[in-house]
Each structure stands twice: as structure tokens, then as C-alpha cells.
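I opened this entry to keep track of what I looked up in the structure. The notes follow the order in which I went through it.

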Amino acid sequence: MLDDLDPAALGARVAALDPAAAAARRDHLTDQLNHHNHRYHVLAAPEIDDRTYDLLYRELELLEARAGARADSPTQRVGATPLDGLAPFAHRTPMLSLANAFSSDELAEFDQRCKKLLGDDAPGVIAYMVEPKLDGVACELVYERGALVGAGSRGDGQVGEDVTHVVRTIRAVPTRLADAAPPDRVSVRGEVLFELEGFAEMNRARVANGERPFENPRNAVAGTLRQLDPRIAAARPLTFFVHSFGEVEGGAEMPPAHSGQLAVAARWGFRVNEHNQVVHGAEGAVARIEELRQLRRGLPYEIDGAVVKVDDVALQGALGFVTRSPRWAVAYKYPPDQVTTVLEGVGFSVGRTGVVTPVAFLRPVKVGGVTVSRANLHNADQVARLDLRAGDTVVVERSGDVIPQVVRVVPDDAHPTRPPTAYPERCPECGAGLVRADDEAATRCPDTLTCPAQLRAAIRHFGARHAMDVDGLGEKIVDQLVARGMVRRVSDLYTLDVDVVSALERMGRKSAENLLEGVEATKARPLNRVLVGLGIPQVGEATARDLARHFGTIDALLAASEAELQGINGVGPVVGAAVHRFLADPLKRDEIQRLRDAGVQFVPEAAPRAVGSALTGKTFVLTGTLPTLARDEAKRRIEAAGGKVASSVSAKTSFVVAGDAAGSKLDKAVALQVPVIDEAALLDLLEASGETQLSKGTRAEG
């Protein structure tokens, strides 16, 4: 049934919060969802399932309706920032994601909302295209005069990664459109995926060659698209399904219906899903979604839901968009798959922050197309609620490519005779007595500096790409450094000797020298990167930048009061309190001093612009594609000159910087009479502020 969730409970819970609690919860969810976005979109290693993410996202939307949205909120963006190593790929028309529906009532509300927004133009019954929601990776293909000239991943919706070299190897992608008079330019959008049979065959070949099999199709697609060598991609059976167009310039007029346009794509040589179907009204959409649910297990590829789109393209245009998604489409996510298996035991793992997480060891079982033998049990309360005992039959669920969860125990007469699971009183790694704060669900090991499990995780985090970026500091090297007592705290990395390191397994002298050179290079990392590397609870990349920009130096940050930390825009009370607790801990302060003694410079942020700078206090909104500046570069230079960059246009916006294919933000700027400038005018402002000369000087010194 579609009615397997009552979102009203979320609304009631949010409505019951006072303003301060709502803002605190908003800040917490913003940081958490940004973390999960990074894990999912950049690392392809999610920590929570899609449905949990969607519900947290829904809660954040409700909170932001009360408390406003932070500039770094995931509701203000799509997807995640592209990885380094591939050229950027700008989307002329943003690649948006879809709003979600969880029940038939919400689909009916979507239908009524469309009719209300259309007003007198609304037909009596709206025709919808219902499509399987393919569990692949979104991609845009660009053709000029019929020839494939480029392909890019979605990235952050504005700029993705150029994956043309990989897409050209996909046999389902025509390198030239089958049309005697193709458009001058057309961008075709769809999903890159593996069909299950091809994925299984590829894994069999990998095992035969002594390689590790891929865990699931979607992660394998994401990794394949990022391959720099197209020969690797060519050997993997990727396919591509079209689901929409980004833009069409020139050529014959396109059909007035989305279904008709997909028929054109099929004539051009693309795969269009054979289960797409036009239905009428919300009832027709609900019925088709249920039909697809029944077909789901027999499909040759994975789907995780269905997409409902207004079929009439003119009505799509009239309905328009919100910041993150079109108003004329919605995605329904199917509930997770569930299977039963036997619980063989419960173990306990210790994470970077000392949280002791129970893990269920399962008799291997296939769920959602993947064989699983472990499941996350979250915390002591979950273990107690489930009353898990070795030998129990348990229900396990999994959605898409996420970590499996134990849902419940299947009752049987022998359950009471089995020994109950005992939560440990001491850390399974170091033996320290475990603690649990009154306001937390987590049980922690308090030995945050020397517990081997925490130390291994802390070193990996410290050396990670988004933190100190230590080249060569892989998991196996870290394990050896800790096991041999060569590193007892993160700061010990700076005391390593090349002769000792070169004696480690899989390490020759040259590799050891490269590793130590990588460690040495981190001494000049900027303050915000070091703050991330320290592993301060609640502090990710965005919050670290906010702290570094506000305080400038590590000394100023160490001297900050809790009230000052909580008052920083973008930090808030929950994060501010966590930062203060961390920095007030004598052991943490001692470690910071050890890093300084080792030569880590905590390079201060550049001094803020003088009050008289041309950009100080000005708010900019960027829209469209600029001729020479990438969006991230433009934002960096504006902020370096004292300005701010916002995601939406309001009466308080100082300037809208418009490039090619500027969208609704430009229209809103004109309506609000906000000044609109181009890249040349922006560069003039930057030069007037002194930013250009400063940037050139900084680069010259580097």
C-alpha cells in the first residue's frame, strides 16, 4: 500500500518546538544532511537509507518554514560538489532533483496543488506520465547538429563532472542522432545504470580475475563514470535510459507532450523505458505506481520508486520550479525490501567519536539484490527494544544501496530460552568504562585520544582529502602504525622516521619518503582544513569555514566563549556548544599544542576587507554560465573581497550576476528592480576592491 507513512506526525512534532529548539534542530539536521550528501554523492558510501534521508529532509523543510534556511542547507542546492580530477561540466539549464511523496494522499495533494497553481488553465483531469524511478546515476548528453559533443554528471545541479570519454563507450548512447535534420543543439538527460544480468556477469569475471566484486549496481556506475581511462568503462556493460530534455535549440518543433518528446528520443536512437505510461488524474497515477511495484522484482534493472510528471509541456512551463525541484513532477519512493534470516550474534564497533555501535551478524541473505551478512543496530536502546538473541529469526530491510537494518524479531517458542544480548560496560577495544550522557542515545568510550579504534579512525579522518589530505595514508598503513605503537595520537604523525616507516608491510623506502613528504606538506594547511582534521563534533567543511572566517586564528578561536561561538551566523547553539566543549577539554588543547610544536601552522584566514571595500556588505546572486569564471571561483573571489553570495534573489540582494542561460533568478531580479550585471562588471568591482591584485600576489607567492 502507498499509505505506509503518516507525515502529519512530523509536522506535529516540529510545530511543538519553541523557536530556539526549532533553530537548534534545523542546525543539527543541516549539518547531518550535508554530511550524508557528501557520503552519498561524493564518496558513494552512504551511512543511512534513502527513506531515512527523505524523512530527515522533510523534517528540515518543515523546520526551515519556521526558522529560515541556512545558506549551506541541502534544500538550497542539488546533489553535491564535483570531485577533482575531471573537468567541470556546466549545465545551461539546472539539473534539478524531485520532491518526494510517501502516500496516495500526498499524490492527491500534488494533483490538487497543480490544479490550484494552474487556475483557469487547469484541465478537468491532468494527464501524467508515470515512469519507473531508475536507480542509476543522472547524466546529461549534449548534441550539436546531431553529433555527441559532451556529457556530464549532475554534480551540484549547476556544474557536474565531464564524463564524455566514458559515455562515448556506452553502446546504448548514439554518437550521432538518427535524424536527417537534427536540432542545432539538444541536451538529453537520463540515467546511466547496469542491468542486473550484466552486473552479475561483470562481478563473476572480477572474482575469476582475483578482483573484489562490486557491492551494488549504483555505486559501481558512480565509480565507472569517474574512471579516467575509458578502456575500463568500455569493458563494463553500462546502459542509458532517457527521461527528459534540458534544452532544444533549432530544428523541427518538438511535440507538445512529454510522452511525445520521449518518442522523438526513441526515434533518435535512445533507450526509453518500456514501462513509461500516460495516466489520467491522481487515481490513475496511484494505480500505475502499484502496478510498477508488482513488476519491480521481475525487472532487469533496479528501481526504487516511480516518477509522476505532468505530461503537457506547456503546463509544465506554467507550473515552473521552486529552488530545488520542478512543481510539475514528484517522486514516490517504494518502502524498503524486507526478508527474514537468522541472527548469528551481535558485535560492537567503536567509531571515530567513541560511539560504540552494535552490529548484527546475520546468516547471509539476499535483500534488494545484494547479499548481506551484517546490519546496523544503532544504539543500546535499539538492542533493548528488539530484544535480540543469537539464534532468533529476524526481519531485515534494505532500500537500494544502503546499510541493512534489523526491523524486528519473528516470535518463536525458543526465544525466551536464548541468552539475551548484553551491552558491554567497557570498551571492546581499550577496556575503558563506557559512558552515556542523559541527553544522548549513543554510548561512548571516553578514551578519545588513545583508544585504538578511535585513534585509527581519527588518523584516517585527519588525513582525508577534505581535511589535511595526506597522500599515501591509507587504511592498511594506518592500522600498522597504530598496531605497532608508532602513532599513539594524531600529532605523532609528525615524528615518524623514514627508516621505521619503510619497514612496514607494502612500504618501500620511496613510498615511506612520499608519505612523510605528504605529512610535511600539511603543516601549511589553512585553519579551516585543520579544524576539519581535528574531528570536532558537528563541524564539517562549511562550519569550519565559518569559524575560520569569523575568528581568523586558532588563538582567537581557543579564547572564544560559548556564547560567542553560538552567535556566529551558520553555527548556532547546538554546534557552538559542541565546539566549546571540544576546545575546552585539556586533552584536546594539549593535542592542538602538540600539533603547533610539530610545525602545523593553522594558517590564519586572510584579514577581512576594509569597510570601504567596494564589495563589503554587498550580497550577490549568481545565475547562468559565466564566460570565464566557474561558479565556485566567482563565489570565492566575491567572499574574499568582503561580499556575500546568496542562493536566492530578494529585495535585499545588491547585484545579480547573470551569464548565459540565466533562469528564473534573472526574471525575479528584473521584477524586484535588483541591479543585474555581467561578468565584466563583476570583475571591475573585484578590481576596485583590490581583490584582483591580492589574488595575483597570492598566486605569485605560491
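**Sheet, pocket, helix**

I began with strand 18 (residues 619-623), which runs parallel to strand 19 and is joined to strand 19 by three bridges. The model is a predicted one.

I then traced the whole sheet: it is open, has four strands in the order 19-18-20-21, and pairs in parallel. Strand 19 (644-646) and strand 21 (676-677) are at the edges with a single partner strand each, so one side of each has no neighbour in the sheet.

I checked what covers these strands. Helix 24 (residues 664-672) lies across strand 18, strand 20 (655-658) and strand 21, and runs at about 135° to strand 18.

Next I looked up the second largest pocket, whose volume is about 680 Å³. Its lining has 24 residues, and the closest to the pocket centre are Glu61, Ala99, Asn100, Arg113 and Ser325. I sorted the lining by class and got ten nonpolar, five polar and nine charged residues. At least two lining residues come from each of helix 3 (50-67), strand 2 (99-101), helix 4 (104-118) and strand 12 (329-333).

Last, I went to helix 14 (residues 475-483). Which of its residues are buried? I listed Ile477, Val478, Gln480, Leu481 and Val482. These buried residues pack against helix 13 (452-462) and helix 16 (509-521). Just after helix 14, I found Gly485 with a positive phi of about 75°.

Definitions and conventions: Residues are numbered from 1 along each chain as its sequence is written. This is a predicted model: local features need pLDDT of at least 70, side-chain atom pairs count only at pLDDT 80 or more; totals for chains, interfaces and linings use all residues. Side-chain values use heavy atoms; hydrogens and water are left out. Two strands pair if DSSP finds at least two bridges between them. Contact means heavy atoms within 4.5 Å. Axes are lines fitted to C-alpha atoms, for helices over the stretch in contact, and angles run from 0 to 180 degrees between N-to-C directions. On a 1 Å grid over the protein atoms alone, a cavity is a set of points where a 1.4 Å probe fits but cannot get out, and a pocket is an open set with protein on both sides within 12 Å along at least five of seven lines; lining residues have an atom within 4 Å of a point. Grid points are joined across faces, edges and corners, and a volume is the space filled by probe spheres set on the points. Ala, Val, Leu, Ile, Met, Phe, Trp, Tyr, Cys and Pro count as nonpolar, Asp, Glu, Lys and Arg as charged, and the others, Gly among them, as polar. Buried means under 20% relative accessible area, exposed over 50%, partly exposed in between (1.4 Å probe, protein chains only).
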